[in-house]
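Please look over the sequence and the 3D structure shown here. The report below goes through them part by part.

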Amino acid sequence: MYFYATFCGRAIGFVISIALIVWGLYKIMRWQKLANYGVKTTGTIVKLTAQGKALIPLVNYETSDGQLIIAEVKHNLILRSNVRQGSQISIRYNPYNPQEAIIISELGGWYYPIALIATGLCLIGYLAINL
């Protein structure tokens with residue numbers, strides 16, 4: 001019975017690890033697609049919502065066809081810095097779904113996906129060591 005419980009626990013841990021890695025890779029690919037193929041424009045931060053140590057900006061911007069969009073930009077975490085309401089920022093948006101946008105920055109959208117992948121790899125390492 002002990003062997004079965006241990007095996008099931010490790011199998012569940014392994015599945016969770018793989019899911020974290022796959023989700024992180026998906027987020028990176030989605031961000032990279034917008035970074036490469038999204039339409040570049042300038043937006044204005046209308047509101048900043050605190051989420052832990054990060055800020056989620058509500059951004060107002062105009063699409064290439066003149067449509068005004070107000071959208072939460074969730075692909076990037078803005079660590080509390082000098083970004084304020086009313087600031088102008090460079091963004092890229094999906095021309096087929098203008099509500100989907102990313103902020104163009106040095107860090108980009110890599111922070112959260114890399115954390116997911118690292119967590120998954122650490123969990124796999126832990127499971128491998130404790131076999």
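## Strands β2 and β3

Strand β2 (residues 54-62) runs antiparallel to strand β3, and 5 bridges join the two. Strands here are DSSP runs of E with at least two residues, helices are runs of H or I with at least four residues, and both are numbered from the N terminus. Two strands are said to pair if DSSP finds at least two bridges between them. Within this pair, Tyr-61 stands opposite Ile-69 in β3, and Asn-60 has Ile-70 in β3 as its bridge partner. The two strands form a hairpin with 5 residues between them, where Gly-66 takes a positive phi near 90°.

Which side chains of β3 are buried? Along this strand (residues 68-72) the side chains alternate. A residue is called buried under 20% relative accessible area, exposed over 50%, and partly exposed in between, using a 1.4 Å probe and protein chains only.

## Source and confidence

This is a predicted model, in which local features need pLDDT of at least 70 and side-chain atom pairs count only at pLDDT 80 or more, while totals for chains, interfaces and linings use all residues. Residues are numbered from 1 along each chain as its sequence is written, and side-chain values use heavy atoms, with hydrogens and water left out.

The predictor's confidence in each residue is given as pLDDT, from 0 to 100. The protein chain has a mean pLDDT of 80, and 82% of its residues reach 70 or more. Confidence is highest in β3, at a mean of 92, and lowest in strand β4 (residues 78-79), at 58. Where pLDDT is low, the predicted coordinates should not be read in detail.

## The chain as a whole

The protein chain contains 2 helices and 6 strands. Read from the N terminus, the order of elements is α-β-β-β-β-β-β-α. Of the 131 residues in the chain, 32% are buried.

## Strand β1 and its surroundings

Strands β1 and β2 also pair in the antiparallel sense, over 8 bridges. They form a hairpin with 2 residues between them, and Gly-52 in the turn has a positive phi of about 70°. Gly-43 stands opposite Tyr-61 in β2. Tyr-61 also faces Ile-69 in β3.

Thr-41 lies in strand β1 (residues 39-51) and counts as buried, at 19% relative accessibility. A polar atom of the Thr-41 side chain is 3.5 Å from the backbone oxygen of Glu-62. A polar contact is a pair of N or O atoms within 3.5 Å; within protein, one must be able to donate a hydrogen and the other to accept it, and residues adjacent in sequence count only if both atoms are side-chain atoms.

Ile-91 is found in strand β5 (residues 88-94), and its relative accessibility of 0% makes it buried. Ile-91 and Gly-43 are 48 residues apart in sequence, but their C-alpha atoms are 6.6 Å apart in space. For Lys-40 and Tyr-93 the separation is 53 residues in sequence and 6.8 Å in space, again from C-alpha to C-alpha.

## The salt bridge

How many salt bridges does the structure hold? There is 1, and it joins the side chains of Glu-100 and Arg-30 at 3.0 Å, N to O. Glu-100 lies in strand β6 (residues 97-103) and Arg-30 in helix α1 (residues 2-37), so the pair ties together parts that are 70 residues apart in sequence. A salt bridge is a side-chain nitrogen of Lys or Arg within 4 Å of a carboxyl oxygen of Asp or Glu. Glu-100 is buried, at 14% relative accessibility, whereas Arg-30 is partly exposed, at 30%.
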